Amino acid sequence: MKVICTQENLKTGLLIIGKVLSSTNTLPILNNILMKAEHGVLKIYSTNLELAISTQVRCKTEEEGGITVVGKTLSDLINNLPNQNTTIQTNGQELGIEVGNYHTSIKTMPAEDFPLIPVVTDGQNLSIEAQELKTALDQVSFAASNNQTQPEISGVLFVINAGVLRVVATDRYRLAEKKIKLTNYSGGDLEVIVPQKTIVEISRIIGQQKGSADIIFTPTQTMFSFNNTEVVSRLADGQYPDYQQIIPNNFLISAVVEKQLLASALKTTSVFSRTTNSVNLKFLSGPQQLVLTAESSDLGKSVVDLPCKIEGGDGEVILNHHYLLDCLFGMDSTEVMLKIIDDSSPSLVVPVQKDDYLYLVMPIKI
């Protein structure tokens, strides 16, 4: 194998596939990446056996072939080389890297030792604008459970029904749902659970990239592909809970408030609720105010009065301020609506004049 590519292109490719690598892997080969020069491009692969990422780097191919090398070693090296044309060439059991007056060789292993990268072709296909997909993933993935003993809720649910994709996550204390209307989708109904780590990687890789993302779902695997990068992941086992039955149909009180004002108030009051993470929200219909209060016997007390539009009367609820801030940061609206029933029922947060997102959060009982 012998290729010539820019240091910047190689650095970008290694960054895309590098997050899967871990120095704690019990199988040493999983610390490696696979590099293949074929058909005029350099293909780079990484895997942890549950998640595999591959990408292509533009290059001049002088000799086709493949090799596997410790990913972190190669990445650390490339990151510190000058941004010039880089020659990568196999030489027996070593991989030589040359840039200007830099000459380096890294120990390698045969490409045949690298785990087989699954190929996902047959399944249900859909295409979504990449930034729309990233927004949806960012708006729900934080609500997935970190408890790996419940794999069904430690992932993100994808449901396709009636031409609409619903992306859902919950940890049983909060729930986020994002809806995307699908165009040109001819497949049937679908319900699968994608591991949260896969979702985080997909969002990271998309970054600011434009274009469309193509997705394939099979009964056991999924593949997301965009801009010469492919992410293949197993699907999580288990039956996702029937989350729609816990969303109340009617709320007694609603308040429309400016999102940025609410976020600032939550940050301020959170200073006095670091031990409980709780903030008291009081809905006052008379003065049309939302009053946020947090108090600590050791530190003091904070009260913030926010102007808002309240319908339904007065009410009060105690919520986790972290949970509220998590949803506000990803909401793409200037105003949000908070809906409550009482201090023991779930509260709802939705963007104003949009019906594609909802966030449900359970109250704190003190």
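How do the residues of the lining of the largest pocket divide into nonpolar, polar and charged? The lining holds five nonpolar, seven polar and six charged residues; here Ala, Val, Leu, Ile, Met, Phe, Trp, Tyr, Cys and Pro count as nonpolar, Asp, Glu, Lys and Arg as charged, and the others, Gly among them, as polar. The structure is a predicted model, in which local features need pLDDT of at least 70 and side-chain atom pairs count only at pLDDT 80 or more, while totals for chains, interfaces and linings use all residues. Residues are numbered from 1 along each chain as its sequence is written, and side-chain values use heavy atoms, with hydrogens and water left out.

Pockets come first. Rolling a probe the size of a water molecule over the atoms shows where empty space is left. A pocket is an open set of points, on a 1 Å grid over the protein atoms alone, where a 1.4 Å probe fits, with protein on both sides within 12 Å along at least five of seven lines; lining residues have an atom within 4 Å of a point. The largest pocket has a volume of about 480 Å³, a volume being the space filled by probe spheres set on the grid points, which are joined across faces, edges and corners. Its lining consists of 18 residues, and E50, Q148, P195, K197 and R234 lie nearest the centre. Helix 4 (196-206) and strand 17 (229-234) each supply at least two lining residues; helices (H or I, at least four residues) and strands (E, at least two) are DSSP runs numbered from the N terminus. Helix 4 gives the most, with four residues.

The second largest pocket holds about 300 Å³ of space. It is lined by 13 residues, of which T12, Q56, V57, R58 and N228 are the closest to its centre. Helix 1 (7-18) and strand 4 (51-58) are the elements that give two or more residues to this lining, which divides into three nonpolar, nine polar and one charged.

The nonpolar interior is the next topic. A nonpolar core is a set of buried Ala, Val, Leu, Ile, Met, Phe, Trp, Tyr and Cys residues joined through side-chain atoms within 4.5 Å, where buried means under 20% relative accessible area, exposed over 50% and partly exposed in between (1.4 Å probe, protein chains only). The largest core has 93 residues, and L42, F158, L262, L281 and F283 touch the most other members. Leaving aside residues up to four places away in sequence, L262 touches V257, L290, L292, L306, L328, V336 and L338; contact means heavy atoms within 4.5 Å. A second, separate core of 15 residues includes V168, A236, Y243 and L360.

What about rings? The structure holds four aromatic pairs. Rings of Phe, Tyr and Trp (its six-membered ring) pair if their centres lie within 6.5 Å; planes under 30 degrees apart count as stacked, over 60 as edge-to-face and the rest as tilted. The pair of F158 and F217 is tilted because the planes stand at 55°, with the centres 5.7 Å apart. This pair links strand 11 (residues 155-161) with strand 15 (residues 212-217), as F158 and F217 are 59 residues apart. F158 also forms an edge-to-face pair with F224, at 6.2 Å centre to centre and 65° between the planes. F224 lies in strand 16 (residues 221-226) and F158 in strand 11, so this pair ties together parts that are 66 residues apart in sequence. Ring pairs link F158, F217 and F224 into a cluster.
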